[in-house]
Amino acid sequence: MRVKEEIIKIFENSRGEYFSGEELASRLHVSRSAVWKAVRQLEADGYQFDAASGRGYCLRPDSDVLSKQGIEKALGESVSAFDVKVYRTITSTNTVLKEMAANGVGEGTVLVASEQTAGRGRMNRRFVSPSGTGLYLSILLRPKLHADEALFITTAAAVAVAQTVEEVSGRHAGVKWVNDVFLNGKKICGILTEASLDMESGGLEYAVCGIGVNVFPPDGGFPDEIKDIAGAVFDVRPSGDIRNRMAAGILKRFMAYYRSLPEHPFFEEYKRRSVTVGERVTVLGRGEPRSAVALAIDGECRLVVRYDDGSEEALNSGEISVRK
Ligand code: BTN
């Protein structure tokens with residue numbers, strides 16, 4: 001580990017505690033000037049320190065920088081299930097993780113970014129991923145699942161996100177079929193699960209589950225293209241290292257659900273949280289948009305709708321999206 005990584009681990013494990021340059025240098029077997037150089041680099045990365053003469057530096061409890069060390073600390077005992085890599089900026093955590101999956105990295109590899117320059121959503125849409133205000137992460141899975149069951153990965157992630165949002169904000173989060181988490185009528189999170197098929201077995205070679213959360217609104221608000229539908233978990237930036245804690249909360253819950261994917265015990269909760277069922281929707285993705293009422297989510301996670309002419313259909317999320 002480089003000096004900078006070692007130092008942030010020490011500070012993250014003891015936020016609010018002071019460490020002198022001398023102490024850090026002797027712990028890490030480096031010079032004091034190497035320590036101060038690393039602290040300067042960390043400040044340039046956005047970490048906020050308090051300095052006191054004679055005591056050294058402490059990482060402020062409200063310093064909010066996404067970091068491997070911060071996420072791993074918040075993961076606690078679950079840390080061994082993941083190999084977390086954190087990026088300040090990346091094209092798309094899904095795109096990069098798929099490349100890594102093709103090169104053989106293992107299940108539990110997680111890419112987390114503070115900004116995406118080419119974030120992607122379902123139906124080839126762009127996922128706006130501004131710097132410093134959101135959480136963009138992808139998890140690599142190598143499940144022994146048939147492709148049809150892969151949808152339960154998305155539903156497990158949606159429940160994990162909704163529960164984590166509720167824990168940190170105290171506000172009830174709903175799920176819009178199939179992959180969006182909503183708070184107060186606004187989309188605060190989108191989920192994109194992409195899989196590679198093993199053609200011989202019909203099973204999955206791997207799946208990448210990508211989760212994008214708007215934690216608080218960007219300065220100047222969301223861009224025009226999404227400003228009417230997008231919301232954030234918090235109306236203003238909260239104090240504390242909220243994004244590291246949210247990343248860990250989502251990962252922990254998701255992994256627990258993933259382990260019981262074939263029985264999918266979280267699916268009842270997914271349905272209970274639905275903000276789609278019972279609502280009028282517009283069905284998009286196949287020719288002309290059609291107006292319908294959403295009746296239910298069936299056991300295969302299809303949305304059962306009744307069109308205005310009285311006909312009913314169970315919609316598969318692969319080809320369809322709905323607008324409320
Ligand atoms: C959607 O709203 O249609 C799904 C959005 C999924 C966004 C996440 S952010 C992390 C991961 N990387 C991406 O490029 N997309 C997913």
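How do the residues of the lining of the second largest pocket divide into nonpolar, polar and charged? They divide into 11 nonpolar, 8 polar and 12 charged. Here Ala, Val, Leu, Ile, Met, Phe, Trp, Tyr, Cys and Pro count as nonpolar, Asp, Glu, Lys and Arg as charged, and the others, Gly among them, as polar.

The model is predicted: local features need pLDDT of at least 70, side-chain atom pairs count only at pLDDT 80 or more, and totals for chains, interfaces and linings use all residues. Residues are numbered from 1 along each chain as its sequence is written, and side-chain values use heavy atoms, with hydrogens and water left out.

Pockets were located on a 1 Å grid over the protein atoms alone, as open sets of points where a 1.4 Å probe fits, with protein on both sides within 12 Å along at least five of seven lines; lining residues have an atom within 4 Å of a point. A volume is the space filled by probe spheres set on the points, which are joined across faces, edges and corners.

The second largest pocket holds about 700 Å³ of space. Its lining comprises 31 residues, of which Asp45, Tyr47, Val65, Leu66 and Arg88 are the closest to its centre. Helix H1 (3-13), helix H4 (68-75) and strand S3 (83-87) each give two or more residues to this lining. Helices (H or I, at least four residues) and strands (E, at least two) are DSSP runs, numbered from the N terminus.

The largest pocket has a volume of about 860 Å³. It is lined by 41 residues; Arg125, Phe127, Asp180, Lys187 and Ile229 are the closest to its centre. Strand S8 gives the most to this lining, with 5 residues. The lining has 17 nonpolar, 14 polar and 10 charged residues.

The ligand takes up the space of the largest pocket; the criterion is that more than half of its atoms lie within 2 Å of the grid points. Around the ligand are 20 residues (a heavy atom within 4 Å). Ser92, Gln116, Arg120, Arg122 and Lys187 come nearest. S8 (186-197) again gives the most, with 4 residues of the shell. By class, the shell has 5 nonpolar, 11 polar and 4 charged residues.

Taken alone, the ligand exposes 410 Å² (Shrake-Rupley method, 1.4 Å probe). The protein buries 98% of that area.
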